[in-house]
Amino acid sequence: MVSILKCDNYDFELLKDTIKKSFENLGGIERYINKGETVLLKVNLVMKKPPEMAATSNPEFTGALASILSEYGAKVIIGDSPGGPFSPMLLKSIYNVCEMDKAAKMGNAELNFNTEHIVCEFPDGKVLKKITAGAYIKNCDKIISVCRLKTHCMTKMTGAVKNMFGTIPGTTKAEYHFNCPDVNNFADCLIDICLNANPVLSFMDAIVGMEGEGPTAGKPRKIGAIIASENPFHVDFVAAKIINTEAETIPVLKNSIDRGLCPNNIEEIEMIGDNYKDFIITDYDVPKTKSMHFLGGKPPKFLEGFVDRHIQPRPDFDYKKCIGCGDCARNCPAKTIEMKNHKPFVHTSKCIRCYCCQELCPKEAVSVYRPLILRIMSKL
Ligand code: SF4
Ligand code: SF4
């Protein structure tokens, strides 16, 4: 069951009313949470950005959800492992800029500062049998995924499923990117991580989403809805419909369908609330093919140089915006960015096209360059 409800803005009382109705639509809070339980709101704090940029979870949205759960009798913790190092000091500063401290006050919740790692055995994983996660995901009884509808340069869209990648601590995320450079393989990795975290509910803020160069450098786009479900795959499927994108073209959804976790037909998803069709945005700016495997595999050796230069998309640096902080080089999973005279240069032959450099650049100095041949091919 997926609840979809109109919600036009971030007025705290409106949010509380709409989120309460979402719970009612899904059978009531008591169906998912027992009084006295500790609930982790796994927000999305991908990087230090203020709420109006729409890159991170909205503080009023998070605060309203926390407030409902606290009033119900749960203990609420707000947490995420953003990109970059996972340390209490950096968490404090990111909570402050993303206004999660305000959300915690509004919702009578605590902020997580536990940065310990644990290793979870996950024998049912398709690609991951062991998952290194932040210990904070096991120091609670239930997890709720609190995501925002955003585009993503590598995975096309990020929502309830990919939000759980933030359960992987800090720079360990780079290892997962590096070990799964193929976007389809990485999508399976994201699905395994989501299944391991096992959120009891997912709440998607589709009031204002992000379009274009997401997940951090895109533009806010008003949509006006809150989507909620116990099934994160269904939430993402409905979100894909709203941004007018075929689920089959979004690697996480395609693989979820292949793995029997999600139907390939919206008619098979039970929905309650408003009609999802009323929220569809036909001109939502969704990134085109940016995967390294658009040709269906690696090119022959003799073509590698040509493909690399003239067909593959690649990160492109705007040196006027770049302040030479080196965050891109430090967080590049393939260690293929070299800082020369405080400016980054990519050795593209080793680049795995994960776009962590773009995601974590504080100055939006990284974009995705798509060579002419690729642009023509993606129109075919
Ligand atoms: S992260 Fe951005 S600002 Fe920092 S060095 Fe890289 S491109 Fe420049
Ligand atoms: S250069 Fe950027 S896109 Fe390429 S591997 Fe490094 S972080 Fe990923």
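How far apart do the C-alpha centres of domain 1 and domain 2 lie? They sit 27 Å apart. Some notes from going through the model:

1. Ground rules. This is a predicted model, where local features need pLDDT of at least 70, side-chain atom pairs count only at pLDDT 80 or more, and totals for chains, interfaces and linings use all residues. Residues are numbered from 1 along each chain as its sequence is written, chains are lettered from A and ligands numbered from 1 in the order in which they are written, and side-chain values use heavy atoms, with hydrogens and water left out.

2. Domains. The chain is assigned domain 1 (2–279) and domain 2 (301–378); such bounds come from an automatic or database domain assignment.

3. The interface. Here 19 residues of domain 1 are in contact with 16 residues of domain 2 (contact means heavy atoms within 4.5 Å). About 1400 Å² is buried between the two domains, and carbon and sulfur atoms give 60% of that; buried area is the accessible area (1.4 Å probe) that two parts lose on being put together, summed over both. Look at Met47, His177 and Phe178: they supply 28% of the area that domain 1 buries against domain 2, more than any other three residues.

4. Polar links across it. The rule finds five residue pairs in polar contact across the interface, both residues at pLDDT 80 or more. A polar contact is a pair of N or O atoms within 3.5 Å; within protein, one must be able to donate a hydrogen and the other to accept it, and residues adjacent in sequence count only if both atoms are side-chain atoms. On the domain 1 side that touches domain 2, helix H5 (residues 172–179) gives the most, with three residues; helices here are DSSP runs (H or I, at least four residues) and strands likewise (E, at least two), numbered from the N terminus.

5. Salt bridges. One crosses the domain interface, out of a search of the whole structure that finds 19; the criterion is a side-chain nitrogen of Lys or Arg within 4 Å of a carboxyl oxygen of Asp or Glu. Glu364 and Lys49 pair up this way (2.6 Å, N to O). Asp80 and Lys42 form another salt bridge at 2.8 Å, N to O.

6. Ligands. Ligand 1 is surrounded by 13 residues, the closest being Cys322, Cys325, Gly326, Cys328 and Cys361. Around ligand 2 there are 14, with Cys332, Cys351, Cys354, Tyr355 and Cys357 the closest. A residue counts if one of its heavy atoms lies within 4 Å of the molecule.
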